[in-house]
Amino acid sequence: MPLDTTPLLKILELEQKKGYTDTAVFGGLDRFLKNWGEAAAASIPSRKTLSRFRNLLVKTNYAKLTPLERQEWVDKVRVFLPTLTAKNTEKLEKAIPAAKKAPSKTTVKAVSTQPIDASITVVKGVSGKLAEKFAKLGVRTIRDLLYFFPNRHIDYSQRQLISQLQEGLEQTIVAIVWEAREKKLGGSSRLSTEATVGDETGNIGIVWFNNPWMAKTLKTNSQVAISGRVKSFRGRLVFENPEWEIIEDQELIHAGRLVPQYHLTEGLHPRQVRKLMKTVVDQWAGQLEGFLPSDLKRRNNLLPLTEAINQAHFPDDTDSKDKARVRLAFDELFLLQLGVLRRKRNWQASQPGNALNIDKSLLGVFIKSLPFELTPAQQRVVREILADIAKPQAMSRLLQGEVGSGKTVVATIALLIAVANGFQGALMAPTEILAEQHFNTLSTLLEKAGKMQSSDSYIRSYTGLRQLPVTVALLTGALTLKKKQLLQEWVRNGDIDMVIGTHALIQEDVTFKKLGLAVVDEQHRFGVEQRSVLRQKGFNPHVLVMTATPIPRTLALTLYGDLDLSVIDQLPPGRQEIKTRWLKPEQRNSAYRFIAKQVAEGRQAFIICPLIEESDAVQAKAATEEYEHLSRDVFPDLKLGLLHGRMSNDNKNSIMHSFNRGELQILVATPVIEVGIDVPNASVMLVESADRFGLSQLHQFRGRVGRGQAQSYCMFLAEDPSEIGRLRLDIIEKTQNGFVLAEEDLKLRGPGEFFGTRQSGIPDLKMAKISDVGILELARREATNLFSNDPTLARAEHALLVKELTRVWPKAGEWS
């Protein structure tokens, strides 16, 4: 019995009209597809068609797709459904002679004798000028080209008959050229090409604007594959500027298949790059050495590397493309995990750590002195840290917790234990403002537990915590040279127990007598190398890394796989929710009036200027103009300050201190204020062009307010947000939980944009996505297993793996 696709087509049409909201059928599309799909599958005779049917209709989780992904899926299904009848399949098979179809399995052509790490100029047709354009994309060698993966594929593999074409969808036909001629179209003085092609079911017109040379290329009676979006013109269906390819006895590249789409730069053209990539893949993919151990590859059913590269660029079908992505994503994450696990092993095994004695009496006194109770999450994290530092291996731990969750208290406990054992502690922050805040917070906490013996703006001493006083110092670039040199001498002699500072702590002229614990705040602002330098200042000290940026677990495992993970996932009781609203442009004046009202009540406000990516200079100029406009035209009676990235550190600190002391009522700033500002009296945050920021960054901005007792507010202004922008703003308006927002941010933006991954010291990810939780966990499991069986990778079967690791992690030194 033939398959009736009419009910599904009607539902998809209604779903399109409703804006892809999953409300076209009661219970949602997934429920309908489960019931309808099981019955429909029984009437599909072709195994290949059945496999595609299941992948496209049965396995898809429509409810979890974004509106854009739903639209793409609906388009694919509407193109696919007409191919399901036996009659249509038979006609399509006849439309292309068997010898002229793409081969069922991609084959590797003759391997070039040129080495794989040679310049791309060895490829025929690649000039020096063309190589310069590829260099802008980070592509310089043949290997780079092989790993220059498409950012997507357009599915032109499902061929339609001309009589089946539908307006508005991406479709493919195979037809005979009846006529092709040059013509001036639409009153233009420039020549275009107009062609008529046909198959056994009818004819259709095609137009290529401003490409008159096409008329000579398309010979009458030649057979062509045409792929593109079908439009309606004067009541007739036409193709406008479609992809095309003359069908000869060779594999199709540009049409009639899954066609690769590459991210290009000015001067590079899609057809040109596709043709080049086909040559490179055919001639050089065979040179790649399969570095994965054979048992690992077999155990996880992974494609051979050469086949994976072929299928990643020019896949036979969707299944092959997916298998290639799994293999190549696994490679990246596996090599990454081996790198970070080796780093962790080196830190912990290359030299012994300092096992600290946990002074429970001191711990009890300090915790009892706190004006609040530690939350269960804080207590759990304290136990994890104390268990680590009691071991003879150096601790390497990442502590995550939102602003206000109490990370500093936890860090203070760890620092106290280090000092009680006769060691020094260091805390490094990304900005002088944040370093000062930590210094003041630690001082306040220690004063409640002990008694202040002496106090200065940069050095304080407390008695009653142990037999000797506990001395805490602040070392930043703002100190005079004389004070700085004096502090450095005291640190070197061991007279300072805890040092709080900025990157100044990793400078060569700062030497510790006995560094036992290093705490690094806001880790993503510091590269791995900076962290390593700080660590080298002690005899393999324990390291605690803290961040207020909620990082999804998968991303944390990837970026910081060398660190164990602790999470303070709850805020202290009584923490107020920050009232959050997304405003339209016409509500700008009411937002300004609200700020003025809050200031009149004694509060302060932040106004964040739009994100401008051109340069710091352009950003600073725009912020200055906005500051002048607000000072002159909007808040002429108030005191405003300006903060941007081009200002000197001294100027930034001066402005921040003025705002901290309440001398300024409104701070106009570029996104530089995302980290490191704590002003309890600030109750309003206004972010301009909020749709340009990611969810995590918007959440960080919101975290700058709500630190005092007063109700706080956050307003996000957006002029004309895109669909993704609107989705972000809807999510953050309703959600206060930073970890939930971080997961959503990752889905919407991907890891590269989540925050500066280049700072993390890890290899770039070209194929893997951090949302690939399954592949990531598999890669971590296999990497851990490999290390436990062959810690130095000395076995003969790991020789190629060692070679690849040395290439990917060039700064890691010897691997075996």
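Colleague: Which helix does L56 lie in?

Modeller: L56 lies in α3, residues 47-58. Helices here are DSSP runs of H or I with at least four residues, strands are runs of E with at least two, and both are numbered from the N terminus.

Colleague: Before we go on, what are the ground rules for this model?

Modeller: It is a predicted model, so local features need pLDDT of at least 70 and side-chain atom pairs count only at pLDDT 80 or more, while totals for chains, interfaces and linings use all residues. Residues are numbered from 1 along each chain as its sequence is written, and side-chain values use heavy atoms, with hydrogens and water left out.

Colleague: Back to L56, then. Buried or exposed?

Modeller: L56 is buried, at 9% relative accessibility. Buried means under 20% relative accessible area, exposed means over 50%, and partly exposed is in between, with a 1.4 Å probe and protein chains only.

Colleague: What is L56 in contact with?

Modeller: Leaving aside neighbours within four places in sequence, L56 contacts W73, K76, V77 and F80. A contact means heavy atoms within 4.5 Å. There is also T318, 262 residues away along the chain, with its C-alpha atom 9.5 Å from that of L56.

Colleague: How do contacts split by sequence separation over the protein?

Modeller: Taking contacts between residues at least 6 apart in sequence, 72% join residues at least 24 apart. The protein has 816 residues, of which 53% count as buried, and its elements are 28 helices and 23 strands.

Colleague: On helices, how do α13 and α15 cross?

Modeller: The axes of α13 (residues 360-369) and α15 (residues 407-420) come within 10 Å and cross at roughly 150°. Axes are lines fitted to C-alpha atoms, for helices over the stretch in contact, and the angles run from 0 to 180 degrees between N-to-C directions.

Colleague: And which residues meet there?

Modeller: From α13, L362, L363, F366 and I367. On the α15 side they meet V409, T412, I413, L416, I417 and A420.

Colleague: New topic. Which residues touch H798?

Modeller: H798 touches P293, L786, D790 and L793, not counting residues up to four places away in sequence. H798 is in the loop between α27 (773-789) and α28 (799-808), and is buried at 4% relative accessibility.

Colleague: Where is N301?

Modeller: N301 is in the loop between α10 (294-299) and α11 (305-313). Its phi is near 55° too, and N301 is exposed at 70% relative accessible area.
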